[in-house]
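Reader: Hi! I'm new to looking at protein models. Could you walk me through this one?

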Amino acid sequence: MSDTATDDGGEYEHYEAVVVGAGPGGAAAAATLAEYGVETLVLERGVDAGAKNVSGGLIYAEESAPYTIDGIFDGFREAATERSVDDYYMHNVAGEKVQTLDLGGVHHADTEWCDAVLRRKMDSWLAERVHEKTRETGGGLLTDVRVNGLLRENGRIVGVTCDELDPIRAEFVVAADGVNSELARDAGLMDWDDPEEWFQGVKAVVDMPSDEIEERFGVGAGEGVAHLFSGDLFADVRGGGFLYTNEDTLSIGTVFHLDSLVAEEAEPHELLDALLTHPLLGQWLDGDYHELEYSAKLVPDSKKVAHPEPHQDRLVLVGDAGGQMQAQGPIIKGMNHAVTAGALAGEAFAEARNRNSPEKAGQLYTKKLHDEGVMDKLRPPRYRAGRVAEHDAVAGVVESVVDSWAGRLGMRLLGDRVESLFNSPFLLGMVPDTKTSYVTIPTVLAEELGDRVIEENEVEPPELADRIGDLTYDIGDPHIEVLDNAWDASGAAVSACPVSAREFGGGCYREETVSKNGDERRVVSLDTQPCVECGTCAIVADTEWTHPSGGKGVEFEQG
């Protein structure tokens, strides 16, 4: 680290590279940079790495990927993951009828291994390794630091600015600061304009002893399973549910297209409860339900928003910050792509520096993403060819055909062959984001080919107020401002926010009626104390949204 003179005569600290965010993408970038001898500083907003991070979450190691997380960090699987997930099932639901598909074929396609993870445990372990590696090259990792923007000189990016520290100059800046990346937005590389481009995930971490997991799910010690859910149990909202087995907990959650949540005025916690209370889950939960943590996050739909040129000046985007989250049918992969991108970013800077052209690192990083096939996974060309099915007129025709007597007959005739279609990575890469794909086809399959569930489910999920009350906060200053509180402008946040709800007065967003000069207006009010920092309201409401300062806001114990 050295001091560098500024235009105004002062001095800023200078590092060769600054990595913002200590999740898997940032960790991979920092470790790779350090491996090449690059002086690297890592800045993390949470009190501990993982305190701000939430994932479903499964992490994959792909056979075709140039980097895997266990290849970068020795002992990763043994120390930082939960259970190896070898079995993968999809349950299509219609009322109490369920048709189950074994998706082992697509799950294992190009897969070296797949493990369930909890982010607090995983990211904290990674951060310790990163700190060790970066200290060796003159850097290190600092927590409780919010990077709030980009440092510019003569209009070009030369570093970062922070709430808690003076500006820091760097030859290379890696934005691995998550789906709500303030650096990506500051650079104009990502925006929050269109709900169609995002998913919202909501998750409960549920306590269950290891031996009970192994008995109820039929798995051995260290072994796990993934179950996915789609059909009519979520009404007409486009998306589905998941259940992953951890070492001594379950991760149970839902992921929905944000525009569909808004259009249906669905409330995320109620959709989660619909899954938790379905009879199918009775066989696993057995009336014994202790929820350890409730959380939520936005998820980018890479098919629409993965940035094809994720760089500007000295800045590169990695992971969710660059929209690098693959959601194709039932297969969701994000952390592995963040790891690959982070490592490729570090590799690109090291190569560019060795050529005495560090300013070309961003271009080289982008080339590597394309050459290594990462962008084809994130934005498959075949999906663009199939998007015609998302136009309203075409979608309406397809919907009516699938739900007709002829469509139902076709489902019955397909029978067991349906499973092979769902196990085709090529076909899943072109599935349109429509109600037909997420709701109608799964419902018809269950109605025509499914069996009635005979189990009972006696689970009573916690009330939303209790879920909010169990979270840990260090409030700090308000980090969201409602710019237009009129219902038409910001009312969607009342139902779409995962800690808010209509006729519930304890969440972030609340509906109110105000009178002025004899006129009544519906407006929304805001209280940021229970905020889980998912960013939903930044998209569906008229707000000014930033992260809380370092160490402030919500702190997740599980993640």
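Reader: Which residues of helix 13 are buried?

Author: Residues are numbered from 1 along each chain as its sequence is written, and side-chain values use heavy atoms, leaving out hydrogens and water. This is a predicted model, where local features need pLDDT of at least 70, side-chain atom pairs count only at pLDDT 80 or more, and totals for chains, interfaces and linings use all residues. In helix 13 (residues 361-371), the buried ones are Ala-361, Gly-362, Leu-364, Tyr-365, Thr-366, Lys-368 and Leu-369. Buried means under 20% relative accessible area, exposed over 50%, and partly exposed in between, with a 1.4 Å probe and protein chains only. Helices (H or I, at least four residues) and strands (E, at least two) are DSSP runs, numbered from the N terminus.

Reader: What covers those buried residues of helix 13?

Author: The cover includes strand 11 (168-175), strand 17 (311-312), strand 18 (315-317), helix 12 (335-354) and helix 14 (374-378).

Reader: And what about the phi of Gly-373, which follows helix 13?

Author: The phi of Gly-373 is positive, near 85°.

Reader: New topic: is His-257 buried or exposed?

Author: His-257 is buried, because its relative accessibility is 0%. You'll find His-257 in strand 15 (residues 249-257).

Reader: Which residues does His-257 touch?

Author: Leaving out residues up to four places away in sequence, His-257 touches Glu-196, Trp-198, Phe-199, Arg-238, Asp-301, Asp-433 and Tyr-438. Contact means heavy atoms within 4.5 Å.

Reader: How many disulfides are there?

Author: Searching the whole structure gives zero disulfides. A disulfide here is a pair of cysteine sulfur atoms within 2.5 Å. Cys-497, for example, is in no disulfide, and the nearest cysteine sulfur, that of Cys-508, is 4.4 Å away.

Reader: Is Cys-508 buried or exposed?

Author: Cys-508 is buried, with 2% relative accessible area.

Reader: How many cavities of 30 Å³ or more are there?

Author: The whole structure has six of them. On a 1 Å grid over the protein atoms alone, a cavity is a set of points where a 1.4 Å probe fits but cannot get out, and lining residues have an atom within 4 Å of a point. The largest cavity has a volume of about 70 Å³, a volume being the space filled by probe spheres set on the points, which are joined across faces, edges and corners.

Reader: Which residues are closest to the centre of the largest cavity?

Author: Of its 13 lining residues, Cys-497, Cys-531, Cys-534, Gly-535 and Cys-537 are the closest to the centre.

Methods. On a 1 Å grid over the protein atoms alone, a cavity is a set of points where a 1.4 Å probe fits but cannot get out, and a pocket is an open set with protein on both sides within 12 Å along at least five of seven lines; lining residues have an atom within 4 Å of a point.
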